[in-house]
Amino acid sequence: MTRPSPAGPRRVAIACQGGGSHTAFTAGVLSRLLDGGVLDGGVLDGGVLDGGVPDGDELDGGYEIVGLSGTSGGAVCALLAWTALCEGDPRAARTLLDGFWADNSASSPLDSAANLWLLWASTMQSVGMLPAVSPYHLPVDGLDQFRDLLTRWVDFDRVQADTAGERPQLVIGAVDVLSGRFRAFDSRAEKITPDMILASAAIPTVFRTVHTDGGAYWDGLFSQNPPVHELLRTKPDELWVIQINPTARQDEPRTVLDITDRRNELAGNLSLYQELHGIEVIDRLLAEGKLVGVDYKQVTVRVLEFARPHSSRLMGPASKLNRDARFLRELAVQGEQQAVEFLGMLAFERAWRSRDAERVRAIMAPDVELTSTAPFRARAGLRGAAAHEEIAELCRTARMDLTRKQLTRERATWTVRLDGPAPAGGSADGRGRIEAEITDRRVTRLRLGPAPG
């Protein structure tokens, strides 16, 4: 396994899943991660994240962003963040992202009325109450307006192919509707153009096919959503995925609208989870010493999953077309808040992996609540000092297994391995799971239980 130098930052690639208007959430996440209070000179400040652990796997130097990828709305967000990084001014990402989404929102009375009509028509089409209309039968092609919006916020004349790899990589996903081949437009092989971004965002029920670079392209949701494999060429230590389509759902879809909505979510995750599973398999083989002398390295996968507001489900998949200004702003604020909790998660992980009880206690809220079941010793709602003592002991016996992806949604979740023989009621390999609720970068609730199957 290749280990990074302990003197430098961990190399991070960020992949942004598509999801139309829902990717305003992605804009909020990236704005917070690239904000001057967190990132300095292109490197996430290790001091802010309480960096430095003795086991050599973590780094004092923080996190350096070496690549971004995106599909559809995620491609737009990745492009804007990448532009700021290439200009050497990561703080400008917030201005670009906020400005683009403000301009894209339906703010005028006429635009708001058009937005409501589109949502109503799309919802009626989803349940079969209105016939679908081809964008070729509409008098205006919305791609022209989209192109004008992109060029307002990105000076594409200054964008050149980076064949020497001197800047972070940008990868944009699309699919050629004629050949069926996936296409990944790569800033290290070609000049990124507005039409490449439009190709990734060309939802075929809304926009006409985009003809560029010798192909006829539809929305990248039909290909890699988002591209991951190409980002691995940057040799990242970590892959951070901003996921828009939820993995799990609590209630069974029964209405036509719910079924259509869930099909849309599951289809959007197919390629992503295939690629992430491949990374996890290689990580485990490396950790077990079964891949020796091969040009692979271990990559920690972290997923920031969008917790979709319940109100958006009332419109089904049409919610991803909603350009209401207040709705988009709410999603961006949610993204910023989740990014803050994600940073708190990183600090908690570092403290736990250090096995330093004092560091772990320092990141616990004074009234933290601890609950645990098999394969851990059963504990029911311990609080305060008693919980602190138990948690300090647990960090010495439960090792976080970063060969399996780490998820942050309403709470942060890790797979762990318990030292010693597998306990009664636990998995054969001694695996368990930790779930942490984090508020203001302090752990307020910790649940321990069996690992997922």
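E305 is buried, at 2% relative accessible area (buried is under 20%, exposed over 50% and partly exposed in between, with a 1.4 Å probe and protein chains only). The residue sits in strand β10, residues 300–305 (strands are DSSP runs of E with at least two residues, helices runs of H or I with at least four, numbered from the N terminus). Leaving out residues up to four places away in sequence, E305 touches Q243, P246, T247, Y273, Q338, L407, T408 and R409, a contact being heavy atoms within 4.5 Å.

A word on the basis: this is a predicted model, where local features need pLDDT of at least 70 and side-chain atom pairs pLDDT 80 or more, while totals for chains, interfaces and linings use all residues. Numbering runs from 1 along each chain as its sequence is written, and side-chain values use heavy atoms, without hydrogens or water.

Now the cysteines. With a disulfide taken as a pair of cysteine sulfur atoms within 2.5 Å, the count is zero. For C77, the closest cysteine sulfur is that of C16, and at 6.5 Å it's too far for a bond.

| Residue | Relative accessible area | Class |
|---|---|---|
| C77 | 0% | buried |
| C86 | 26% | partly exposed |
| E305 | 2% | buried |

On to a helix pair. The axes of α3 (residues 92–104) and α5 (residues 142–153) come within 10 Å and cross at roughly 155°, axes being lines fitted to C-alpha atoms over the stretch in contact, with angles from 0 to 180 degrees between N-to-C directions. The contact involves T95, L96, G99, F100, D103 and N104 of α3, and F146, L149, L150, R152 and W153 of α5.
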